[in-house]
Amino acid sequence: MQDETAKQLQSLKNQALETLAGMADQLADNNDVGIEGLLAIVHNTGRIELLGKILEKAKNLPDPSQKAQALLDLVDEIELQLVSGQEASEPPVPSQPVQG
């Protein structure tokens, strides 16, 4: 039963992420969508091409403390993307020493 529930939940999650990924460009251009929401979309869908739009939105925030927080959040997401990209491109580490 738990296996079936997990599969259903994963399916729903995948459907939601696919829908969000398809809406990402439209949402990035919408002034009503906050930076946090856009960062969550990038984090969950991998749409890193939105990071430039997020940077522009953050730079245009009038309140200095909000601007600083948005920029820090953006930097954090970029760091996460860099780390996950490095992990994906690194060769697997052998679990046992190689015999020579």
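Colleague: Is E49 buried, exposed or partly exposed?
Modeller: E49 is partly exposed, because its relative accessible area is 47%. Buried means under 20% relative accessible area, exposed over 50%, and partly exposed in between (1.4 Å probe, protein chains only). This is a predicted model, where local features need pLDDT of at least 70, side-chain atom pairs count only at pLDDT 80 or more, and totals for chains, interfaces and linings use all residues. Residues are numbered from 1 along each chain as its sequence is written, and side-chain values use heavy atoms, with hydrogens and water left out.

Colleague: Where does E49 lie?
Modeller: E49 lies in the loop between α2 and α3. The C-alpha atoms of E49 and A24 are separated by 9.9 Å. Along the chain, E49 and A24 are 25 residues apart.

Colleague: How many helices and strands are there?
Modeller: The chain has four helices and zero strands. Helices (H or I, at least four residues) and strands (E, at least two) are DSSP runs, numbered from the N terminus.

Colleague: Why does the span of α1 agree with its 27 residues?
Modeller: Helix α1 covers residues 2-28, so at 1.5 Å a residue it should span 39 Å. The expected span is 1.5 Å times one less than the number of residues. The end C-alpha atoms of α1 are 37 Å apart, which agrees.

Colleague: Where does α1 bend?
Modeller: At G22, by about 45°. The bend is the angle between axes fitted to the seven residues ending there and the seven starting there.

Colleague: Which residues of α1 are buried?
Modeller: L17, A24, L27 and A28. Their cover includes α2 (35-45) and α3 (51-59).

Colleague: Switching to packing. How do α1 and α2 cross?
Modeller: Their axes come within 10 Å and cross at roughly 140°. That makes α1 oblique to α2. Axes are lines fitted to C-alpha atoms, for helices over the stretch in contact (heavy atoms within 4.5 Å). Angles run from 0 to 180 degrees between N-to-C directions. Under 35 degrees counts as roughly parallel, over 145 as roughly antiparallel, 65 to 115 as roughly perpendicular and the rest as oblique.

Colleague: And what about α2 and α3?
Modeller: α2 and α3 pack at an angle of about 165°, with axes 10 Å apart. That makes α2 roughly antiparallel to α3.

Colleague: Which residues meet there?
Modeller: I35, L38, L39 and V42 in α2 meet L51, I54, K57 and A58 in α3.
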